[in-house]
Amino acid sequence: MAGESQHLVADAAARIFADLAEPSAINRAENGGWKEPLWRALGDAGLTLAWVPEALGGSGASLADGFAVLGVAGRFALAVPLAETLAAGWLLACAGLEAPLTPMTLAPVRPRDRVAADADGKLSGRAGGVPFAQDCRHIAVLADGGERPVIALVEIKDCRLSEGRNLAGDAMNVVTFDRAKPLRSAPVPGGFGRSHLLLMGSTIRSVATAGALEAILALSLAYARQRVAFERPIGKFQAVQQNLARLAGEVAAALAAAGSAADAIAQAAAFDEAVFLEAASAKIRVAEAAAEGAAIAHQVFGAIGFTREHMLHRFTLRMLSWRDDFGSESYWAAELGRHVARRGADEFWPLVAAR
Amino acid sequence: MTVNLNFDPIRLPPECQALRAEARAFLAEEIATGTFDPHRPGDGDSHDRAFSRRVGARGWIGMTWPRPYGGHERSHLERYVVTEEFRAANAPDHFHFVADRQSGPILLKYAPEHVKKDILPRICRGELCFAIGMSEPGSGSDLFAAKAKASKVDGGWRINGSKIWTTSAHVADYMLALFRTSPPSKENRRHGLTQFLVDMKSPGIAVNPIYQMTGQRGFNEVVFVDAFVPDDYVMGEIDGAWKQATSELAYERSGPERFLETFYVLVGLIRALGPQPDLRGAEGLGRLVAQLHTLRRMSVSVAGMLQAGKEPVVEGSIVKDLGTLWEQKLPGRVRELAAFLEPEIINRAPLADQLAFATMIAPKLTIQGGTTEILRGIIARGLGLR
């Protein structure tokens with residue numbers, strides 16, 4: 001539920017993005033010179049370490065505040081590792097570890113990837129699809145330990161990276177740990193595991209995607225009013241209106257699902273069954289909305305929306321890429337389906353109606 | 001420009017969960033005594049006066065209405081919980097449901113005091129069934145093309161003409177219907193319709209059954225020949241019914257009945273798939289669960305907005321658009337996911353009969369109470385395109 005605090009912090013973030021990361025300006029930028037001042041402003045505002053308690057070097061904002069910022073970041077199709085740094089800070093804090101004041105990413109982001117910590121605490125393994133790894137200084141890692149999982153902070157320079165980009169051109173790397181020595185590490189509290197990280201990461205992506213969908217709805221509406229064909233604005237044609245109404249439906253579904261999942265995580269004492277239902281459902285439904293919504297927006301814009309010059313792709317390609325992070329919709333659908341099947345038909349409705 | 005679509009996450013308060021437990025216990029009792037079968041499709045569409053009276057006795061009709069009219073002054077979220085428990089259980093609530101959902105609120109808003117005092121408490125006791133008279137043989141979605149006429153006479157109005165596709169008219173005690181009291185004006189083609197409360201026992205009303213392709217008698221043609229409606233049964237402004245239409249839409253459009261009409265096939269699928277489905281079954285099921293969960297959270301959110309006194313017309317229309325399409329497609333998705341299961345497993349579920357029924361009723365789900373096309377027109381207007 002968006003309270004006063006979320007409005008304040010979201011407004012602060014929106015001002016920074018509007019000044020330093022306005023999508024059409026970024027789309028015209030010749031190089032990445034905009035990133036440095038943007039990152040500095042975000043850091044100065046305490047947004048990068050929002051989910052790190054003050055005692056661990058962060059600004060100690062609530063989970064709800066952080067999710068509000070990520071929704072706004074999605075509305076700007078933000079192409080710096082803010083979500084990743086927030087999540088890395090959160091992960092480190094789960095083990096009581098301090099966070100550095102640098103851009104961070106985290107691993108694993110794919111359900112099958114494993115990193116292991118040996119008896120000396122050194123890490124080995126491979127993690128694919130790690131967002132922005134080559135642009136970051138540090139990576140927070142959830143690794144299999146001897147008895148309990150371990151959370152570790154590692155310098156990127158101590159890992160091997162493969163070159164890679166996602167659909168939107170953002171860095172996305174395979175990170176290989178070859179007896180990498182962490183700067184610091186600690187075992188995680190009991191019960192915490194990979195699924196928690198994946199559910200949290202999924203919700204981060206769901207919230208940002210819902211924001212991006214809001215933005216493409218606004219862009220599409222503005223274009224439909226302004227673009228004239230057959231002597232009328234195209235938004236006056238019923239066929240186009242029906243498409244835009246469908247887009248609004250997908251945006252609404254994404255906002256509701258992502259908002260509900262974020263609220264469930266922000267309120268929950270633990271990652272329980274309700275959080276699993278919420279976060280997995282949101283990742284699935286929001287990914288579906290991203291695919292459907294991107295297709296409709298591109299249809300509204302026609303050829304101009306397919307150009308590099310137009311900023312629409314900044315939103316659509318990012319949303320489509322985000323579907324793969326922290327478990328795709330197919331992965332979560334299989335997990336959710338198995339869970340529901342295990343509970344049985346008679347226990348299905350009580351699960352759905354729990355919240 | 002920014003579009004403000006609001007779907008704040010609502011957490012149901014503790015009193016809702018207590019109420020949910022009461023509703024489940026009540027329904028379990030009704031199932032045990034044989035009132036209905038949660039797995040038998042069609043039971044949820046039936047009219048059961050005795051059941052409705054028992055629901056009324058529990059205080060679950062007119063839940064949000066003021067006490068002086070028999071209501072219980074509970075929240076929209078509490079009403080939401082009861083409605084969704086009844087729908088999910090396939091309970092036979094059709095006798096009282098329309099009166100509870102939309103006719104009662106219209107009476108509350110527009111009826112004279114003595115009419116409210118007379119009728120609303122009887123709705124709350126589960127004694128009255130309402131029908132809605134909108135479509136006519138020559139007009140459906142184009143509501144304001146209605147031709148059935150009301151002419152002023154001493155002390156009231158004489159009504160003539162026909163309404164059609166009228167659900168429950170054959171059991172209804174009253175109908176809330178639109179009749180033409182003036183021709184449309186040049187400036188406003190919506191002008192000239194008035195909303196009337198019609199006592200179905202009045203002379204001059206014939207109800208002719210229209211059987212549906214499912215074999216059910218779901219709806220009717222209602223013919224009025226010089227039927228009389230007294231002045232105090234005029235609801236709201238004469239010639240101005242169009243002004244009254246929009247605010248009730250959110251109530252009518254966003255409830256759990258807009259995505260749970262074929263819910264039983266999903267439960268049947270889970271039973272048929274068993275505790276360890278293959279990957280295809282698991283993934284397909286998971287997607288359906290995610291879609292259902294999302295619709296429910298949207299619908300709860302709209303209930304929260306109603307509770308806060310807002311009129312979420314666009315949000316309500318979106319819920320109905322997405323919800324009815326989903327419940328319409330559900331039988332087809334379930335059929336695909338069950339395609340490779342053993343026939344005996346499907347029969348035991350009992351999925352085959354459920355699927356047959358749901359497949360037959362599916363086409364109506366995106367037509368009744370506002371078609372997909374009309375809803376999207378409303379959404380487009382809300383987006384500023386019209």
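A polar contact is a pair of N or O atoms within 3.5 Å; within protein, one of the two must be able to donate a hydrogen and the other to accept it, and residues adjacent in sequence count only if both atoms are side-chain atoms. Keep this in mind for the first stop. Note also that this is a predicted model.

**Stop 1: where chain A meets chain B**

Show both chains. Between chain A and chain B there are 19 residue pairs in polar contact, counting pairs with both residues at pLDDT 80 or more.

The size of an interface is often given as the accessible area lost when the parts come together. Chain A and chain B bury about 4600 Å² between them, and carbon and sulfur atoms give 64% of that area.

There are four salt bridges between the two chains. To see one of them, select Arg287(B) and Glu288(A): their side chains meet at 2.8 Å, N to O.

**Stop 2: a sheet in chain A**

Four strands of chain A form an open sheet in the order β2-β3-β7-β6, with antiparallel pairing. Which strands stand at the edges? They are β2 (114-117) and β6 (160-161) of chain A; each has a single partner strand, so one side of each is left without a neighbour in the sheet.

Strands of a sheet pair through backbone hydrogen bonds, either parallel or antiparallel. Zoom in on β2(A) and β3(A) (residues 123-131), which run antiparallel and are joined by four bridges. Select Val115(A), and then its bridge partner in β3(A), Gly125(A).

**Stop 3: two backbone details in chain A**

Select Ala107(A) and Pro108(A). The peptide bond from Ala107(A) to Pro108(A) is cis, with omega near -5°. Pro108(A) is in the loop between β1 (104-107) and β2 of chain A.

Next, select Phe230(A), in the loop between β9 (228-229) and β10 (232-233) of chain A. Phi of Phe230(A) is near 50°, a positive value in a residue other than glycine.

**Stop 4: a hairpin in chain B**

Bring chain B back. Its strands β2 (residues 149-153) and β3 (residues 156-164) pair in the antiparallel sense over five bridges. Select Ser151(B) and its bridge partner in β3(B), Arg158(B). β2(B) and β3(B) form a hairpin with two residues between them, and Gly155(B) in the turn has a positive phi of about 80°.

**Stop 5: domains of chain B**

Colour chain B by its domain assignment: domain 1 (14-128), domain 2 (132-244) and domain 3 (254-382). The C-alpha centres of domain 2 and domain 3 of chain B lie 31 Å apart. Their contact takes four residues from domain 2 and six residues from domain 3.

Domain 2 and domain 3 of chain B bury about 450 Å² between them, 67% of it on carbon and sulfur atoms. Select Ser141(B), Met213(B) and Thr214(B), which supply 76% of the area that domain 2 buries against domain 3, more than any other three residues. Between these two domains the count of salt bridges is zero.

Key:
Residues numbered from 1 in each chain as written. Chains lettered and ligands numbered in written order. Predicted model: local features only at pLDDT ≥ 70, side-chain atom pairs only at ≥ 80, totals over all residues. Heavy atoms only, no water. Pairing = 2+ DSSP bridges. Buried area = accessible area lost by both parts, 1.4 Å probe. Domains from an automatic or database assignment. Contact = heavy atoms within 4.5 Å.
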